[in-house]
Amino acid sequence: MLFMAMMSLGGEKPSPDKAGGRQDTDEALLERVGKGDEDAFRQLYQNTDRTIYSYILSIVKNVQDAEEIMQETYLKVWTSAAAYRPQGKPLAWMFTIAKNICYMKFREKKHEADVGLDDLTGEETGEFCPQLENAADKLALQAALEILKEDERQIVLLHASAGMKHREIAANLKMPLATVLSKYNRAMKKMEKFLGKEE
């Protein structure tokens, strides 16, 4: 299956500045994906996988669920790309798909277990994000997943794990830049306080 081949590329993706030649924008790639172009899908995946994963993880707070939802998100991107209408914000469109799938999963879990959404925090696996190598990063991520509000978590993870700039986060989450900066600073203070207690 095409998507499983994309997932297996994992750590072998070139960074945009290392890849030689012309790089298509995500908008152009998405248009090509809509026409069934597998190479464009592969490139779109490589351009966005860390950002989409961080966004999903910020919502579901569980690695196993995040990985499953990420697969479903890219499958939906593949099957729905032809319906995408260029707006200059393909990542925001992908975020909407991911968020809808996350909330669908929450509703399924709530129906199955009859628990509130606040109870769906997932298991402690010790492995939160494969991109984070050292213990301090993992501890900070654990703090983000446990103590931050959803919007604060999204901003911190998109900035720290996915490397997005605050201006990009604001555009993609449809928030004013000042709000993103304020929430980021508040979240960092909460995490510093939490990490200070843990030491």
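Tutor: Let us begin with a term: a residue is called buried if its relative accessible area is under 20%, and exposed if that area is over 50%. Please keep in mind that this is a predicted model.

Student: What percentage of the residues in the protein is buried?

Tutor: The protein has 199 residues. Counted by the cut-off of under 20% relative accessible area, the buried residues make up 42%.

Student: Among contacts between residues at least 6 apart in sequence, what percentage joins residues at least 24 apart?

Tutor: A contact here means heavy atoms within 4.5 Å. Of the contacts in the protein between residues at least 6 apart, those that join residues at least 24 apart make up 66%.

Student: How are the rings of Phe41 and Tyr74 arranged?

Tutor: A pair of aromatic rings is described by the distance of the centres and the angle of the planes. The structure holds five aromatic pairs. In the pair of Phe41 and Tyr74 the centres are 6.4 Å apart and the planes stand at 75°; an angle over 60 degrees counts as edge-to-face, so the arrangement of Phe41 and Tyr74 is edge-to-face.

Student: Which helices does this pair link?

Tutor: Phe41 and Tyr74 are 33 residues apart, and their pair links distant parts of the chain. Phe41 belongs to residues 38-60 and Tyr74 to residues 63-80, so the helices are α3 and α4.

Student: Are Phe41 and Tyr74 buried or exposed?

Tutor: Phe41 has a relative accessible area of 1%, and Tyr74 has a relative accessibility of 0%. Because buried means under 20%, Phe41 is buried, and Tyr74 also counts as buried.

Student: How are the rings of Tyr45 and Tyr74 arranged?

Tutor: Tyr45 lies in helix α3 and Tyr74 in helix α4, so this pair ties together parts that are 29 residues apart in sequence. Tyr45 is buried, with a relative accessible area of 4%. The ring centres of Tyr45 and Tyr74 are 4.9 Å apart and the planes are at 70°, so this pair is edge-to-face.

Student: Which residues do ring pairs link into a cluster?

Tutor: Phe41 and Tyr74 form a pair, and so do Tyr45 and Tyr74. The cluster linked by ring pairs consists of Phe41, Tyr45, Tyr74 and Trp78.

Student: How many residues of the contact of α7 with α8 are nonpolar, polar and charged?

Tutor: On the side of α7 the contact is made by Gln154, Ile155, Leu158 and His159, and on the side of α8 by His166, Ile169 and Leu173. These residues divide into four nonpolar, three polar and no charged.

Student: Is Lys174 buried or exposed?

Tutor: Lys174 follows α8 and lies in the loop between α8 and α9. Its phi is near 55°, a positive value in a residue other than glycine. The relative accessible area of Lys174 is 64%, so this residue is exposed.

Key:
Residues numbered from 1 in each chain as written. Predicted model: local features only at pLDDT ≥ 70, side-chain atom pairs only at ≥ 80, totals over all residues. Heavy atoms only, no water. Helix = DSSP H or I, 4+ residues; strand = E, 2+ residues; numbered from the N terminus. Phe/Tyr/Trp six-rings, centres within 6.5 Å; stacked < 30°, edge-to-face > 60°. Buried < 20%, exposed > 50% of the residue type's maximum accessible area, 1.4 Å probe, protein only. Nonpolar A, V, L, I, M, F, W, Y, C, P; charged D, E, K, R; others polar.
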